Amino acid sequence: MRWRLTISYGAMVFTSAAILLVLLYIIVGNSIDGAWIPLDTSRVDPYDAAIIEAKWQAARELTVSSAREALLQSSIMSLVGVGIFSLIIGYFVADRALRPVAKMTATARKLSESTLAHQRIDLQGPNDELKELADTFDDMLTRLNVAFDTQRRFVANASHELRTPLTINRTVLEIALGDPVASEDLKTLGRTLLEVNARNEKLIEGLLLLARSERELAVRKPIDIRDVAQTAVEQVTPFADEHGVTITTELKSAGTVGDPVLLERCVSNLLENAVKYNLPDNGKVWIRTGMVDGALVVQVANTGQHVPAYEVNSLFEPFRRLHADRVESAKGAGLGLSIVRAVVQAHGGNVAAVPRDGGGLVVTIRLPGR
């Protein structure tokens, strides 16, 4: 757009200068020709008068032609200079005119659900079309923020409301299972219902955590990611032992600022997913932390089935699992990586996953260093 405007400005100036040159060419010739004083040959012999008149006419034509040629040569050089100068001026004029658009583009790129509450263009200047566009964009961001906040509040409130009946169900089932006169069929049914209830409780907890992590951080503390990762490893190790998975750690100190509970849950989710979706026998999980190029990095890799590259990004969507839809829930609700992404974005970082050679995934988290 900048170059199109530059060429447009330059072409308009060049065309205007060319038209002015043509007009000057015509005006100068006509002015000289019109101002030429005729000779008085009444007192001269007619033969001599004809010769003098012819020479006088030739001198007039030569003068007009010479003036026009000199004007044309100097004007062409000036026209080339004006064309180059108009391109330079046009570029700076276009750059200045498009600066508000560049600001709007930069703001749009930085926006996420976590920054809608405070990030605005707030364009200053005269009330022209660009300011009207920026103000309209700001109003749209405000409406989007209200919509996202309403959605998050609804999820959080609904999750809280659903906790109570699930807790009551669990209590009633545990009492029923503890009854010594209960039949074996009743106990089998009770244990099945307890498993379903536990899964629903875990789903509700995941929704609550997801809604909380998508809000702006309320807690910001200095954190050493090595301590966070070590705590997460200790929590997941019993679960890994049950599944026959070995966790290998390479934890180096790296500081950041954020919510320690959310970051701990984030790393725990990565480890739990790495254990769940692993090989049935002799599975392995690797976790590394440290600083790379000034950014805090947490990397979790695991063995497991081959993951197609085109499936990787969809794994971060809620209720999505590899080669499974939402109702196939043997291994979880499909919120683990969604929570990871929400927590990382709330801390101003990014998360990426790539298929691992030989099967499994390599998930890398990058956060701003302290």
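Asp 95 is partly exposed, with a relative accessibility of 23%, where partly exposed covers the range between buried, under 20% relative accessible area, and exposed, over 50%, as found with a 1.4 Å probe on protein chains only. This is a predicted model, in which local features need pLDDT of at least 70 and side-chain atom pairs count only at pLDDT 80 or more, while totals for chains, interfaces and linings use all residues. Residues are numbered from 1 along each chain as its sequence is written, and side-chain values use heavy atoms, with hydrogens and water left out.

The partner of Asp 95 is Arg 99, and the closest N and O atoms of this salt bridge are 3.3 Å apart; the term stands for a side-chain nitrogen of Lys or Arg within 4 Å of a carboxyl oxygen of Asp or Glu. Both residues belong to helix H2 (residues 46-110), and because they are four residues apart there, about one helical turn separates Asp 95 from Arg 99. Helices are DSSP runs of H or I with at least four residues, numbered from the N terminus. Arg 99, at 48% relative accessibility, is likewise partly exposed.

A search of the whole structure finds four salt bridges, and another of them joins Asp 135 to Lys 131, with the closest N and O atoms 3.2 Å apart.

Glu 184 counts as exposed at 52% relative accessibility, while Arg 191, at 40%, counts as partly exposed.

The packing of helices comes next. Two packed helices are described by the angle between their axes and by the distance between those axes. For helix H5 (residues 225-242) and helix H6 (residues 260-276), the angle is about 35° and the axes are 9 Å apart, the axes being lines fitted to C-alpha atoms over the stretch in contact, and angles running from 0 to 180 degrees between N-to-C directions. The contact, meaning heavy atoms within 4.5 Å, includes Val 228, Val 236 and Phe 239 of H5 and Leu 263, Val 267 and Leu 271 of H6. By class, eleven nonpolar, three polar and three charged residues make up the contact of H5 with H6, where Ala, Val, Leu, Ile, Met, Phe, Trp, Tyr, Cys and Pro count as nonpolar, Asp, Glu, Lys and Arg as charged, and the others, Gly among them, as polar.

Terms used
Helices (H or I, at least four residues) and strands (E, at least two) are DSSP runs, numbered from the N terminus.
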